[in-house]
Each structure stands twice: as C-alpha cells, then as structure tokens.
Amino acid sequence: RTHISQLFADMDELGGTTVTVAGWVRSVRDMKNFGFVMLNDGSCFKDLQVVMNRETLANYDEIAATGVGSSLVVTGSLALTPERPQPFELQAAQIRVEGASAPDYPMQKKRQTREFLRTQQHLRSRTNLFRAVFRVRSVAAYAIHRFFQERGFVYVNTPIITTSDAEGAGEMFRVTTLDVENPPRTEQGTVDWSQDFFGHAANLTVSGQLQAENFALSFGDVYTFGPTFRAENSNTRRHAAEFWMVEPEMAFCDLAGDMACVEEMLKYVINYVMGACPDEMEFFNKFVDKGLIERLTHVATSDFAHVTYTEAIQILQEAAAAGHVFEYPVEWGCDLQTEHERFLTEEHFKRPTFVTDYPAAIKAFYMRLNDDGKTVAAVDCLVPGIGEIVGGSQREERLDVLERRIAELGMEPEQYKYYLDLRRYGGCQHAGFGLGFERMVMYLTGVDNIRDVIPHPRTVGNADF
Ligand code: 4AD
Ligand code: MG
C-alpha cells in the first residue's frame with residue numbers, strides 16, 4: 001500500500017499509475033452516478049479525494065452508505081487534476097470496507113468543542129486539530145533529540161521510581177507495595193508508609209535532574225527526556241499530574257551558558273517544526289491562533305529579553321502603581337504568579353524573557369547561592385501565552401554551602417549522599433534546565449490547554465483509559 005503522504009510527495013511520478021491506499025473515511029458525498037470519499041490515513045495532514053463511479057465500481061451503493069470513521073482499502077488510478085484545488089484524485093477501481101463504523105460514531109464532520117473531544121481520547125486524534133497537534137508533538141520530540149545529539153550531548157534515562165524529592169516541594173506520588181487495605185501501623189497507631197517500596201519509602205520522580213547531574217560529571221553534556229509526575233492539586237490549563245520534561249545538564253557551564261542553550265534550543269525546535277510541519281502550522285495559524293507563524297518566526301530570529309527578579313519586581317510594582325490590576329500583590333520575596341509572568345513577557349518585553357536571580361527562599365536547595373547571600377543563580381524562561389516554559393539554574397558545587405542549605409531546610413543529608421559525593425570527587429561548575437515539553441507543544445501550536453496537547457492527559461481527577 002502507498003501512504004497518502006507519498007502521493008503528495010511523488011505525484012509527478014505516480015500520476016496515471018495504479019495505487020492502493022488504506023485509511024479512514026472523513027466524509028462521503030453521493031451524487032447518484034458518482035460520489036466522493038475523503039480519506040485520511042494519518043500519514044499526512046491532508047485528505048485524499050477518492051472518486052467513485054456507479055458504472056465502474058461494483059459495490060458503489062455499499063460505499064456510498066459507509067459511515068464516517070469506517071476504514072477502507074482503495075485501489076485506483078491516480079489522476080492529476082492541476083486545474084482543481086486539490087492536485088490529484090484517486091479514481092477508484094475497487095473499494096473494500098475493512099471495518100465499518102457504527103452510525104453513532106462520535107467524530108462527525110461538524111465542529112465539536114474541545115471539552116467534548118476530551119471525553120473521546122480514543123478517537124479525537126482523527127480530527128484535524130488533534131492530528132495536527134500530535135504530529136507536531138512527535139516532530140518536536142525528534143527536534144529536541146536532534147538538537148542535543150548534534151551537539152554531542154549524551155541521552156540519559158533517569159529513574160521513574162526514586163526515593164528523592166529533587167525539587168524539595170513535596171509534590172510526590174507515593175509508590176507502594178504495601179497492602180493499602182490493611183497498612184502497617186506505627187506504635188502510635190498511625191499508618192506507616194515508610195516501608196512502602198519493598199522496605200523503602202519511594203515515589204514517582206518529579207525531575208530527573210539529580211541523576212542527570214551524575215552523568216554530567218562524567219560525560220560533560222547530557223540530557224534526559226522522560227515522564228515526570230507532580231501531585232500538586234493545580235487545576236489549571238498549564239499543569240498536568242504527568243508530563244514530559246527535557247533536562248539538559250552541562251559541566252563547566254554557568255548561568256549565562258545555560259541561558260544561551262535554552263535560547264538556542266527553543267529557536268532550533270521552532271525552526272525545525274515550522275519546516276517539517278507546514279500544513280499543520282498553517283492550520284493552527286488559521287483556526288487556532290491567528291498570527292502564530294509570524295510570532296514564532298519573529299521569536300526564532302530575535303534575541304530574548306533578560307531581567308533579574310529584583311528588576312522584574314520593580315517593573316510589576318510600577319505597573320501596579322500605574323493602574324494595572326494584579327490579583328496577587330507583588331513584593332520582593334514573593335513567587336511570581338502566572339499573571340505576573342504573562343505581564344512581563346506579553347505586556348512589558350513582548351518576547352520570550354529570562355528572569356534570573358530569584359530569592360533563595362522560593363527556589364530549590366540545589367541552586368547556587370549568589371554573593372549577596374539572598375538570591376540564587378536561577379533562571380526561568382517566560383513566553384507569551386504561557387508564562388514559565390523553562391526553569392533552570394547553575395548548581396551549587398561548593399560542598400559546605402550545599403550542606404548548610406540542606407541542614408537549613410531540614411532535609412535529610414543521608415538521602416542526598418550520592419549528590420553530596422559529586423561535590424567531593426571532582427566537583428565542578430555546572431548548570432542545567434528543565435523544559436516542560438507539553439508547554440513547548442502549546443507554544444508551538446497555539447493550543448491553550450495542556451489537556452489538548454497530551455494524548456491521554458492525567459490532570460487533577462482524570463486518569464481514564
Ligand atoms: O521549574 P521546574 O519545577 O524545574 C525542575 O524540575 C528542575 N529540576 C529542572 C532542571 O533544572 N533540570 O520544572 C521545569 C519545567 C517548568 O518550567 C514547566 O515548563 C514544566 O517543567 N512543568 C510542568 N508542566 C506541566 N505540568 C506541570 N505540573 C509542570 N510542572 C513543571
Ligand atoms: Mg519552575
């Protein structure tokens with residue numbers, strides 16, 4: 001069988017030849033003596049127009065009555081039609097119904113709401129929107145691997161089950177082998193979960209960073225790309241309980257080098273996806289987010305803005321004084337909320353923006369303490385429409401400073417033994433970041449809800465199928 005994508009790629013050679021294609025019916029039009037079937041086989045965004053003629057197609061009536069969603073195998077002659085909107089059509093000699101679709105098929109041709117389509121996780125990838133989103137997701141993943149592999153980074157797989165809370169934020173899903181109906185009890189009678197993973201406490205990873213750091217201190221430049229889990233009860237359009245993160249980690253690299261890598265990577269992925277998915281990008285530009293292509297093109301060709309947290313707070317306070325209403329008031333020391341991030345990147349700088357040097361108190365333990373003793377060498381990259389897309393930092397490489405920080409935060413040094421060892425045996429300056437892959441896909445497609453860029457989203461209260 002020939003893929004429909006190949007018909008589009010090689011139409012000049014294939015025009016006039018007989019080909020067989022197989023795919024799913026998008027629509028059927030019966031004009032009595034002839035009819036049209038729009039077919040999509042998933043190989044490309046475009047549909048193939050199949051033409052059938054009552055005189056030459058034995059089972060014309062069967063096909064004219066097939067429902068949307070049925071799967072067909074069609075053999076016919078490829079006729080070039082340069083005078084029509086579509087460059088060719090397939091004149092069917094034979095059509096076989098491989099699998100009929102029941103009349104209650106939910107993906108009918110009319111436009112359906114995204115909310116409804118979220119209840120159809122098994123079928124929504126047959127719509128234009130989701131076919132476009134999930135191809136871009138696949139191509140973006142490939143672009144990320146390409147970007148790092150071309151630069152000699154080693155891909156490291158970090159564990160899903162771990163005892164460490166890399167972010168120290170306590171947002172972990174516990175993993176248990178215990179009998180949850182009848183859990184062991186402490187002497188005080190409370191449930192004792194400390195033994196839950198074959199005798200250890202374990203959870204699903206929130207980040208592969210700490211293990212990536214191990215590899216960075218032997219391979220130099222490495223990256224992870226895998227699923228991560230957060231048990232935060234955030235029911236927003238940009239938070240998922242299960243999401244994929246890309247985490248490069250670079251030895252002998254400081255915060256400036258880290259930001260240069262973020263910027264280069266984001267531009268590379270934008271360019272790659274725009275080059276590889278022109279039909280999909282045009283669809284988003286027309287139906288999802290007008291101006292998307294122009295905006296992404298601009299991002300890929302201009303410099304990102306840089307601002308320190310302290311300067312950002314000043315900008316936000318001045319905006320508030322000038323009448324901009326924020327739901328959460330801003331003062332030095334507070335964490336930036338989505339509304340603040342979006343103001344900075346959308347209203348103030350109007351482009352992707354790096355915010356650096358956050359207060360130590362609101363950032364993770366591993367970030368390198370600045371000379372002021374109050375801020376850390378952290379960076380968030382904010383983009384219009386989303387807010388934070390990347391979070392990273394230069395890591396604390398000084399053993400004594402790190403040990404002090406772990407003690408201050410009441411963390412258990414025992415649990416971080418390996419991590420501390422890395423500072424004892426040839427430690428070095430190093431830095432890295434995490435890109436939220438779903439947020440990247442949202443950014444590339446203009447789709448504004450994370451539930452619509454994950455094939456089977458796991459958000460608060462939703463783990464169906
Ligand atoms: O800022 P975060 O929490 O940083 C880390 O986990 C670091 N260990 C990364 C590193 O330096 N190696 O998460 C990184 C990114 C965020 O900027 C965001 O894009 C995404 O991961 N992210 C989420 N995406 C979807 N749903 C959630 N609940 C997310 N939490 C974080
Ligand atoms: Mg963050």
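**Figure 1. Overall view of the predicted model and its confidence scores.** The protein has an average pLDDT of 95, and 100% of its residues score at least 70. This is a predicted model, and for the complex the predictor reports a pTM of 0.96 together with an ipTM of 0.99.

**Figure 2. Domain 1 and domain 2 of the protein.** The chain is divided into domain 1, residues 4–99, and domain 2, which is made up of 126–171 + 206–452. Between the C-alpha centres of domain 1 and domain 2 the distance is 45 Å. Contacts across the boundary involve four residues of domain 1 and six residues of domain 2. On the side of domain 1 that touches domain 2, two residues are nonpolar, one is polar and one is charged.

**Figure 3. The largest nonpolar core.** This core consists of 109 residues. Ala140, Val269, Met440 and Val441 are the residues with the most contacts inside the core. Helix H5 (residues 128–150) supplies the largest share of the core, with 10 residues. Both domain 1 (4–99) and domain 2 (126–171 + 206–452) take part in the core, each with at least three residues.

**Figure 4. Surroundings of Ala140 in the core.** When neighbours within four places in sequence are left aside, the residues in contact with Ala140 are Val269, Val273, Met440, Val441 and Leu444. Val269, Met440 and Val441 are, together with Ala140, the residues with the most contacts inside the largest nonpolar core.

**Figure 5. Glu98 in strand E5.** Glu98 belongs to strand E5, which covers residues 88–99. Glu98 counts as exposed because 12 other C-beta atoms lie within 10 Å, and the limit for an exposed residue is 12 or fewer. Apart from neighbours within four places in sequence, Glu98 is in contact with Ala22, Ser71, Leu72 and Val73. Ser71 is 27 residues from Glu98 along the chain, and the C-alpha atoms of the two residues are 5.4 Å apart.

**Figure 6. Helix H11 and the elements packed against it.** Helix H11 spans residues 338–348, and its buried residues are His340, Glu341, Phe343, Leu344 and Thr345. These buried residues of H11 pack against one helix, H10 (309–321), and against strands E12 (353–356), E13 (378–383) and E14 (387–394). After H11 comes Lys350, which has a positive phi, near 60°.

Conventions. Residues numbered from 1 in each chain as written. Chains lettered and ligands numbered in written order. Predicted model: local features only at pLDDT ≥ 70, side-chain atom pairs only at ≥ 80, totals over all residues. Core = buried A, V, L, I, M, F, W, Y, C linked by C-beta atoms within 7 Å. Buried ≥ 20, exposed ≤ 12 C-beta atoms within 10 Å, placed from the backbone. Helix = DSSP H or I, 4+ residues; strand = E, 2+ residues; numbered from the N terminus. Domains from an automatic or database assignment. Contact = placed C-beta atoms within 7 Å. pLDDT = per-residue confidence, 0-100. Nonpolar A, V, L, I, M, F, W, Y, C, P; charged D, E, K, R; others polar.
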